[in-house]
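Here is a short briefing on one protein model. Keep the viewer open while reading.

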Amino acid sequence: MIQYYAPTIPPSPRPRRDKLSYILDTLGEFEEILNAEMYVDLGKLRRSSRHGIPPEVRGEVWKFLLGIEQADRSHEMSSIKARAEEYQLMDKENAESSKRIHGEVSRYCRKMGIPTNSSKLATFENVISAYLNRNKTVDYSPALVSLCGPFVETIDDESEVYFCFERLMNILSEHLEECGVNEIVAKFLTLFRTAIPDLYNYFQEEEVDLNEWATSWLLHLLAKELPLECLFRLWDTYFSSNDFLELHMYVCISMLKYYKENLEELEHSEIRALLLRLPELDVDQVIHQAINLMHEIKEREISDAF
């Protein structure tokens, strides 16, 4: 079982020099862990990653957190070579989905404000096509582009992008097979009604289709809705956890609490627009509140059982 923790909420802004020193110290901490010659201390890496990973090393850290790279570095180079060779042999031609992937990547990059070029487009198309060809039971969905995007933005090597993306997709697929989408959404809506009853009732009054946005939030880790920098920060915490999918549901509730006052001033179409494309927010605060809420709910369940 995962051990939950309360991430440190960043202090109020400090003078530029202090902030720069903090960033450099944090980067230095990660580089010290990653530069270990024989063995990367994964426990220390996870603990450090819970509070955010510097962008300079995020891609490399994610590979360790997702289990693509192993703590024992004695076979690191041969493992990288083996993955590259395996990826090179994969079939990356998928005429059925290639055009749709290309169009969705263009829309995704515009929405996220990401510069795009032929190389980046090719990476998206190759990685997603290879994944679909290796997983014949998976149908193409625009959500695949959103779930792949963070890896394309943080990892330079296309084969490493693929294996990180595949690992995340396997985690999500296993969770969906175990719980089922209807059960996941139903549990979330029950939690929503319990934790924020006035906002839930307001959504009912405004006839907001809860399934439309809640399903995407829950199944795709907010990859389609959050600004990219906020998503990076959230996934730093997720990947540093052994089982982040339980926490994710409480993060979604915490986000509704965060936006509550704004949402209650909006009408149906405006609520829908906000929920499908979220503004920037304080991710540390949301995570902290989510963990507190989860502990509160679990303690209440234990108390009710006696």
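Glu69 touches Lys63, Phe64, Glu76, Ile80, Arg83 and Glu160, leaving out residues up to four places away in sequence. This is a predicted model. Glu69 sits in the loop between helix H3 (58-65) and helix H4 (76-89). It counts as buried because its relative accessibility is 4%, and the cut-off for buried is under 20%.

**Glu69 and its surroundings**

- The contact list of Glu69 includes the charged residues Lys63, Glu76, Arg83 and Glu160.
- Glu69 and Met90 are 21 residues apart in sequence. Their C-alpha atoms are 20 Å apart in space.

**Overall fold**

- The protein has 15 helices and 0 strands.
- Its radius of gyration is 20 Å, close to the 19 Å that the globule rule gives for 306 residues, so the protein is as compact as a globular protein of that length.
- The C-alpha trace spans about 55 × 50 × 45 Å along its principal axes.
- Of the 306 residues, 49% are buried.
- Take the contacts with a separation of 6 or more: 74% of them join residues 24 or more positions apart.

**Surface and charge**

**Domains**

- The protein is divided into domain 1 (21-73), domain 2 (91-166) and domain 3 (180-305).
- The centres of domain 1 and domain 3, taken over C-alpha atoms, are separated by 28 Å.
- Domain 1 and domain 3 are in contact: 10 residues of domain 1 meet 10 residues of domain 3.

**Loop residues with positive phi**

- Which loop holds Glu207? Glu207 lies between helix H10 (197-205) and helix H11 (210-219).
- Phi of Glu207 is near 55°, a positive value in a residue other than glycine.
- Glu207 counts as exposed because its relative accessibility is 64%, and the cut-off for exposed is over 50%.
- Leu221 is in the loop between H11 and helix H12 (228-239).
- Phi of Leu221 is near 55° too, again a positive value in a residue other than glycine.
- Is Leu221 buried or exposed? Leu221 has a relative accessible area of 0%, so it is buried.

**Helix residues: buried cases**

- Leu27 is placed in helix H1 (residues 16-34).
- With a relative accessible area of 13%, Leu27 is buried.
- Which residues does Leu27 touch, not counting those up to four places away in sequence? They are Pro54, Glu56 and Val57.
- Leu27 and Ile53 are 26 residues apart in sequence, yet their C-alpha atoms are 8.0 Å apart in space.
- Glu166 lies in helix H8 (residues 158-179).
- Glu166 has 14% relative accessibility and therefore counts as buried.
- Neighbours within four places in sequence aside, Glu166 is in contact with Tyr131 and Arg134.

**Helix residues: partly exposed cases**

- Glu246 is in helix H13 (residues 245-263).
- The relative accessible area of Glu246 is 23%, so Glu246 is partly exposed.
- Glu246 and Phe165 are 81 residues apart in sequence and 20 Å apart in space, C-alpha to C-alpha.
- Gln285 is found in helix H15 (residues 283-304).
- At 38% relative accessibility, Gln285 counts as partly exposed.
- Gln285 and Gly113 are 172 residues apart in sequence. From C-alpha to C-alpha they are 24 Å apart in space.

How values were computed. Residues are numbered from 1 along each chain as its sequence is written. This is a predicted model: local features need pLDDT of at least 70, side-chain atom pairs count only at pLDDT 80 or more; totals for chains, interfaces and linings use all residues. Side-chain values use heavy atoms; hydrogens and water are left out. Helices (H or I, at least four residues) and strands (E, at least two) are DSSP runs, numbered from the N terminus. The radius of gyration is taken over C-alpha atoms; the globule rule is 2.2 Å times the number of residues to the power 0.38. Buried means under 20% relative accessible area, exposed over 50%, partly exposed in between (1.4 Å probe, protein chains only). Contact means heavy atoms within 4.5 Å. Domain bounds come from an automatic or database domain assignment.
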